[in-house]
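Dear colleague,

Here is the structure that I promised to hand over to you. Please open it beside this message, and then read on for what was found in it.

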Amino acid sequence: MSHDDASAECARASKKQRTAFSEDEPPARSGRCAGKFVVVTGGTQGCGEAVAHTLADEGAAGLTICGRNAANGEKVKKALEAKGCRTVYVCADLSLVDDCERVVAAHEEAFGDKLDGLVNCAATT
């Protein structure tokens, strides 16, 4: 997929729904990451996806994942949510400043000012 195609796909995906989570929802998760909120760039495939799954398995309360492939992103989001981890997916090309800002805005919209970690696994391909 070319850079322009990826950017167009992300633009279409960003117009889809965003999920805001109620602050009343108890984390009710245990593990080394219980109650933590993390952004994982490149979280839709490869090492980033593996990190996101590990965080979910270890009880993370909320994840924001981003990547350029909307189909992968939605699939990974559903898999993480099936593990009980509230997840936001943002289709983003992190070589674009506006997309970086959208990732931060989506995380803040969903989880407020709760951010305990940032894992950078995004790469150019």
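Let me begin with Glu-74, which is partly exposed, with a relative accessible area of 31%; buried here means under 20% relative accessible area, exposed means over 50%, and partly exposed lies in between, computed with a 1.4 Å probe and on protein chains only. Please keep in mind that this is a predicted model, in which local features need pLDDT of at least 70 and side-chain atom pairs count only at pLDDT 80 or more, while totals for chains, interfaces and linings use all residues. Residues are numbered from 1 along each chain as its sequence is written, and side-chain values use heavy atoms, with hydrogens and water left out.

Glu-74 has its place in helix α3, where helices (H or I, at least four residues) and strands (E, at least two) are DSSP runs, numbered from the N terminus. Between Glu-74 and Thr-87 there are 13 residues in sequence and 10.0 Å in space, taken from C-alpha to C-alpha.

The 13 residues of α3 should span 18 Å at 1.5 Å a residue, and this agrees with its end C-alpha atoms, which are 18 Å apart; the expected span is 1.5 Å times one less than the number of residues. Which residues of α3 are buried? They are Ala-70, Gly-73, Val-76, Lys-77 and Leu-80, and because they cover an arc of only 125 degrees around the axis, they lie on the same side of α3. The arc is that of the directions from the helix axis to the C-beta atoms. The face turned away from this buried side of α3 carries Ala-71, Lys-75, Lys-78 and Ala-82, which are exposed.

Helix α2 (residues 46-57) can be read in a similar manner. In α2, the buried residues are Gly-48, Ala-52, His-53, Leu-55 and Ala-56, and they cover an arc of only 160 degrees around the axis, which puts them on the same side of α2. On the other side of α2, Gly-46, Cys-47 and Asp-57 are exposed. The buried residues of α2 pack against β1 (37-41), β2 (62-67) and α3 (70-82), where contact means heavy atoms within 4.5 Å. Just after α2, Gly-59 takes a positive phi of about 95 degrees.

Turning to the strands, there is an open sheet of 4 strands in the order β3-β2-β1-β4, with parallel pairing; two strands pair if DSSP finds at least two bridges between them. The edge strands, each of which pairs on one side only, are β3 (86-91) and β4 (117-120). Strands β1 and β2 run parallel and are joined by 5 bridges, and Thr-41 stands opposite Cys-66 in β2.

How many aromatic pairs does the structure hold? It holds 1 aromatic pair, and the rings of Phe-37 and Phe-111 have their centres 5.2 Å apart and their planes at 50 degrees, so the pair is tilted. Rings of Phe, Tyr and Trp (its six-membered ring) pair if their centres lie within 6.5 Å, and planes under 30 degrees apart count as stacked, over 60 as edge-to-face and the rest as tilted. Since Phe-37 lies in strand β1 and Phe-111 in helix α4 (residues 97-111), the pair ties together parts that are 74 residues apart in sequence. Phe-37 is buried, with a relative accessible area of 6%, and Phe-111 counts as buried at 4%.

With kind regards
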